Amino acid sequence: MAKPKAARRTLDSYTVKHINKTVRAGDCVLMRPSDSGKPSYVAKIERIEADSRGSNVKVNVRWYYRPEESIGGRRQFHGSKEVFLSDHHDVQSADTIEAKCTVHTFKSYTKLDAVGNDDFFCRFEYNSSTGAFNPDRVAVYCKCEMPYNPDDLMVQCEGCSDWFHPACIDMNAEEAKRLDHFFCEGCSSEGQKKLQNSHTASKHPDTKVDTKRRRR
């Protein structure tokens, strides 16, 4: 007769001793890869289980894929800290957890003052079997019509509010950083008129001119 499978119980939390961090379901973590030459795997903990004695702790995880791990590979618009929430579920030893991390929404990531080693962002869900993404399309910007990469410097047109890569408008990064105003080719004539009017109006003591640099 086959030996009955030992009962396992769900834990609310577990302290990973070698990093002295407590993890819970819903936390995102970095996990040790099978190949030491690869970066840590990024995962979301869905459940923590242990045997009846509270040992042999396992974590049920949902993997985040890095762009280079996807079927289509890394593309120009993928950020260096971008990951995709996949449909790939797995069970791993809790001892393979290397650190806790944060996977931000795309919007919250772009508002960070500084990006740490444990900061990532996700804007797509990924089907590991078909290579399909959800959503299957996102907003595009610039003349090159590429999705936004938060690692890239972009300047915003004050006329149409579109964002542009400096290289796509024949400008280098240092020139872009020095801009006080920018109007794209399609808005340049109207933009010059607006600037002339604003300079004239600025002579009036009650009128303020917005000269903030519009860039990311």
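**View 1. Phe84, a buried residue with a relative accessible area of 0%****.** Buried here means under 20% relative accessible area, exposed over 50%, and partly exposed in between, using a 1.4 Å probe and protein chains only. This is a predicted model, in which local features need pLDDT of at least 70, side-chain atom pairs count only at pLDDT 80 or more, and totals for chains, interfaces and linings use all residues. Residues are numbered from 1 along each chain as its sequence is written, and side-chain values use heavy atoms, leaving out hydrogens and water.

View 2. (Rings of Phe, Tyr and Trp, the last by its six-membered ring, pair if their centres lie within 6.5 Å; planes under 30 degrees apart are stacked, over 60 edge-to-face, and the rest tilted.) Phe84 belongs to strand E7 (residues 84-93) and Phe133 to strand E11 (residues 133-134), so the pair ties together parts 49 residues apart in sequence. Strands (E, at least two residues) and helices (H or I, at least four) are DSSP runs numbered from the N terminus. Phe133 is partly exposed, at 29% relative accessibility.

**View 3. Phe106 and Tyr148 form an edge-to-face pair****.** Here the ring centres are 5.9 Å apart and the planes meet at 75°. Phe106 lies in helix H1 (residues 106-110) and Tyr148 in the loop between E11 and strand E12 (155-156), so parts 42 residues apart in sequence are tied together. Phe106 is partly exposed at 22%, while Tyr148 is buried at 6%.

**View 4. An aromatic cluster.** Look for Tyr65, Phe84, Phe124, Tyr126 and Phe133, which form one cluster.
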